[in-house]
Amino acid sequence: MKKFGFGCMRLPLLDAGDVTKVDMPQLEKMVDTFLEAGFTYFDTAYVYHSQQSERFMAEALVKRHPRDSFTLATKLPLPMVKCEEDKERLFQEQLDKCAVDFFDYYLLHNINSNTYGIVKQFNCFDFIRQLKAQGRIKRMGFSFHDSAALLDEILTQNPDVDFVQLQINYLDWENQSIQSRLCYEVATKHGIPVIVMEPIKGGTLANVCEKAEKLFKDYHPQLSVASWAVRYAASLDNVMMVLSGMSNLDQLTDNLSYMKEFQPLNAQEKQIVEEATKAINESIPIQCTACRYCVDGCPKHIAIPEYFTLYNNHSQSINKGFAIQVAYYANLIKEHGKASDCIACRKCEKACPQHLPIVEDLKLVAQVFDN
Ligand code: SF4
Ligand code: SF4
């Protein structure tokens, strides 16, 4: 299998403000182009696109291509498992939504110190073992957002998992909260192959600061900035797959152009990435990946990731307070709470896989946009 997979979390939209309005003709074209180029792996989840991503992939992929021409991965939404029966009910619903009778890869979605309690209470690992024994899934694993120590504990207790999905990118490699390097090393120590999520950090590493962009472009004028991030993750020996959540055909075409005949980073390129990492870290105040895990639980309906993007854009803008950011903010607060409406209940912080201090960061947003 080629080392590059199609993430189905950021599908092309007809209306940027509504994740349930997917541009199906564009998605179909993307799926077809991906398969024609010899790639096969698609990664969806119950919760993506307001619980509709699996249905979109059934229409664009499953119903239009032979079952043996693609590899389909999806994930059990742990917070929705409230009793023993929920696991089988949710799994069957996923088979139905995806219009398949088995999954190639099946994951417990987003294990962290909060959701691990659910995993243990409802024996979720035994559940996926059973599914595998029944042939209803081919490979079992989990996605993970927490410390390397917890990952070590889970892999010690469950040495039979086939893979683990980790957030790995060059900006988070040495990040103390994400612990990309440490988690990668734990998985490798246990002999468990790694699937990489967020190699471009939710698009952050496709639009880097001027200094980093110059470093990349001086060395490879023809390669995109995003290509460095995907190649960085794919260059790790124990990485079996790098997922990218592509939102339009241009992004897909760009990714395929360098992943079709993948070349790992050479020593000089690794050095350039290190220098770029320093420059980027200095330039991005809030490192949100726009995964949106925080938004559903917010009692004030605050558009957290959107506000963080606007704040980052504002901070990186030479012309501070540039009207476009202010105009976007004014539009968003018509339907969402303002940054200053936050009541510090911290529900969002518990859901954030990046462990961002959202309440404090919203205060920064409020200082710029609510004053
Ligand atoms: S802490 Fe603020 S932003 Fe977070 S869920 Fe509560 S009100 Fe919403
Ligand atoms: S604040 Fe955290 S949970 Fe919310 S979108 Fe950003 S990274 Fe995701």
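User: Which residue forms a salt bridge with Glu88?
Analyst: This is a predicted model, where local features need pLDDT of at least 70, side-chain atom pairs count only at pLDDT 80 or more, and totals for chains, interfaces and linings use all residues. Residues are numbered from 1 along each chain as its sequence is written, chains are lettered from A and ligands numbered from 1 in the order in which they are written, and side-chain values use heavy atoms, leaving out hydrogens and water. A salt bridge is a side-chain nitrogen of Lys or Arg within 4 Å of a carboxyl oxygen of Asp or Glu. For Glu88 the closest N and O atoms are 2.8 Å apart, and the partner is Arg136.

User: How many residues apart are Glu88 and Arg136?
Analyst: Helices (H or I, at least four residues) and strands (E, at least two) are DSSP runs, numbered from the N terminus. Glu88 sits in helix H4 (residues 84-98). Arg136 is in the loop between helix H6 (124-133) and strand E5 (137-144). The pair links distant parts of the chain, and the separation is 48 residues.

User: Why does Arg136 count as buried?
Analyst: Buried means under 20% relative accessible area, exposed over 50%, and partly exposed in between (1.4 Å probe, protein chains only). Glu88 has 34%, so Glu88 counts as partly exposed. Arg136 counts as buried because its relative accessibility is 19%.

User: Is Glu54 buried or exposed?
Analyst: Glu54 lies in helix H3 (residues 53-62). Its relative accessible area is 0%, so Glu54 is buried.

User: Which side chain makes a polar contact with the side chain of Glu54?
Analyst: A polar contact is a pair of N or O atoms within 3.5 Å; within protein, one must be able to donate a hydrogen and the other to accept it, and residues adjacent in sequence count only if both atoms are side-chain atoms. Here the distance is 2.8 Å, and the partner is Gln94.

User: Which residues are linked with Glu54 in a network of salt bridges?
Analyst: The structure holds 25 salt bridges. The network joins Glu54 with Asp86, Arg89, Glu93 and Lys97.

User: What distance separates the centres of domain 1 and domain 2?
Analyst: Domain bounds come from an automatic or database domain assignment. Domain 1 spans 4-282 and domain 2 spans 304-369. Taken over C-alpha atoms, their centres are separated by 26 Å.

User: How many salt bridges are counted between domain 1 and domain 2?
Analyst: There are 2 residue pairs in polar contact between domain 1 and domain 2, both residues at pLDDT 80 or more. For salt bridges between domain 1 and domain 2, the count is 0.
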